[in-house]
Each structure stands twice: as structure tokens, then as C-alpha cells.
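Walk me through this structure, please.

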Amino acid sequence: GVMVTTGIVGSSMPIANGLAWAAQMDGSSRVVVAFFGDGASNIGAFHESLNLASLWKLPVIFVCPNNGYGEHTAYDVATSVDKISTRAISYGMPGFTVDGNDPDDMYAHMAVAIERARAGDGPTLLECKTFRFLGHVLGDDDFYIPKEVKEAAIANDPLPALRARLIAEGHASEELLAAMQADLEAEIADAEAFGMASPLPSVDELRRDVFAEEIAA
Ligand SMILES: Cc1ncc(C[n+]2csc(CCOP(=O)(O)OP(=O)(O)O)c2C)c(N)n1
Ligand SMILES: [Mg+2]
């Protein structure tokens, strides 16, 4: 169900609207989830997309992992609101700030948003607070992130915490999780090998899936 990824900041939202509109026209129960960063929420496409999605009650969920930085720019110096979720008010849709590092909080909010989308009530905006452990690009020494802030975030890494919790609550054993991890790593390695061994796509593919009817080059 992963329809598209793109390197253009803010471009996931209009695309998600198109896919959600298609789902609505088909009368299917599909729900579309658009991911984008805190920086992307300052791009025009964010505002246009939320407006249209709300107006047309599209089955889409706008999920913004707010990691506090857009490239090398801290949230506070680039964004006019304390919480991105409040921007939902302008477009007449529910908006929530969620602990993006807490699986239970994420599950609960996504469940409500999916139910709302499927019921034909329209979109939801979820701002999911998180952090990033590395700089924006390779070779970026992230000098612009206060050292203690980063250290505190790493100490609160949600993945080891979830792993420990799954074991403590008896949902999984250490052996099961290790086996799952090994399987997934092997699958990723296979996919990478397949990609590297595959021929480059032909130029003819450039226009494929762009228009309903193929337009001759
Ligand atoms: C339209 C556009 N402008 C600028 C860039 C360069 N750029 C790449 S990532 C980025 C910052 C994105 O920040 P955010 O939305 O917070 O996403 P994050 O990297 O934190 O997930 C920028 C400005 C781009 N890819 N596309
Ligand atoms: Mg960001």
C-alpha cells in the first residue's frame, strides 16, 4: 500500500488527496496516510491540501512527525505556532498532538482518525512529537542541536523501550524478537541486492501512470 515517496518537501499531501479522492469515488474503505515533516507544514501545499481535504471530506490522515528540525533549522525559528496540530482549526478538522514515541498513543489516535475517515467524516491532522538522532545529511555534525537535548532524546529512544516492554508484558520473548529482526534484515538485504542487480528503468517509463491515457512522447 505504499503508493509513492518523493523528495519534494510538502508534496505528499496533494498526492494523498488525489488518492483519497479516488478511494471516495470508488466507494472503497481505503484510507490514505500522508507523512511529512514539521518544516513541510510551512509549505503552501500543506495549507491547500488541508483545506480541500476538509471541504471534500476526503478519507485522508495527515501525519506530521515533528522532530524539532527542518534540515538545519530549529522549529521555533521557522514555525509560527507552538503546536502544528492547532493549524487543523483553520481548516475545520480535528487536530491532535500525539507522543510520537509512544505506540499506545499513536495507535489510539490513528484508530480514531481511521474510523472518522471511513465514516465519511473527513480528514484528521496528527502532529507526532519525536526527535532525530542524526544530522540531516551524511557528514552533518548537527552542531545546531544542543548536546544535552540530543543525549536526553537518545536516552528516551522508544525502540529499546518497546522491546523491553513487549518482553516484560509477555507478548514476545527475546528469541522471537531476535528471529524477527534477523528475518527483516535478510529481507532488506535481499531487496537491496535485487535493486542493485536490476537494470536501470527505460526512458519510456517516464510518463507511465502520469495520465489516465498515455500521451505519446
Ligand atoms: C520544496 C523543497 N524545498 C526544499 C527542499 C530541501 N529540503 C530537503 S529536506 C528539508 C527540510 C524538511 O524538514 P521537515 O519537513 O521538518 O522534515 P524532516 O527532514 O525533519 O523529516 C528541506 C528544506 C526540498 N527537498 N523540497
Ligand atoms: Mg523535521
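Four residues of domain 1 touch four residues of domain 2, where contact means heavy atoms within 4.5 Å. Domain 1 covers 12–145 and domain 2 covers 157–198; these bounds come from an automatic or database domain assignment. Their C-alpha centres are 26 Å apart. Together the two domains bury about 340 Å², with 60% of it on carbon and sulfur atoms. On the domain 1 side, Asn-101, Pro-103 and Phe-133 supply 77% of the area buried against domain 2, more than any other three residues. Buried area here is the accessible area (1.4 Å probe) that two parts lose on being put together, summed over both.

This is a predicted model, in which local features need pLDDT of at least 70, side-chain atom pairs count only at pLDDT 80 or more, and totals for chains, interfaces and linings use all residues. Residues are numbered from 1 along each chain as its sequence is written, chains are lettered from A and ligands numbered from 1 in the order in which they are written, and side-chain values use heavy atoms, with hydrogens and water left out.

One salt bridge is counted between the domains. The term requires a side-chain nitrogen of Lys or Arg within 4 Å of a carboxyl oxygen of Asp or Glu. Asp-104 and Arg-165 form a salt bridge, 2.9 Å from N to O. Asp-104 belongs to helix 3 and Arg-165 to helix 5 (residues 158–168), 61 residues apart. Helices (H or I, at least four residues) and strands (E, at least two) are DSSP runs, numbered from the N terminus. Asp-104 is partly exposed at 42% relative accessibility, and Arg-165 is partly exposed at 31%. Buried means under 20% relative accessible area, exposed over 50%, and partly exposed in between (1.4 Å probe, protein chains only). A salt-bridge network links Asp-104, Arg-165 and Glu-169.

Seven salt bridges are counted by this rule. One of them pairs Glu-174 with Arg-163, at 3.3 Å between the closest N and O atoms. Glu-174 lies in helix 6 (residues 174–197) and Arg-163 in helix 5, so this pair ties together parts eleven residues apart in sequence.

Now the metal. Which residues coordinate the magnesium ion (ligand 2)? Asp-38 (OD), Asn-67 (OD1) and Tyr-69 (O) do, at 2.1 to 2.2 Å. Asp-38 sits in the loop between strand 1 (32–35) and helix 2 (44–55), while Tyr-69 is in strand 3 (residues 69–70), 31 residues apart. Both Asp-38 and Tyr-69 are buried. Donors are N, O and S atoms within 2.8 Å of the metal (3.2 Å for Na, K and Ca); water is not among the atoms, so sites may look incomplete.
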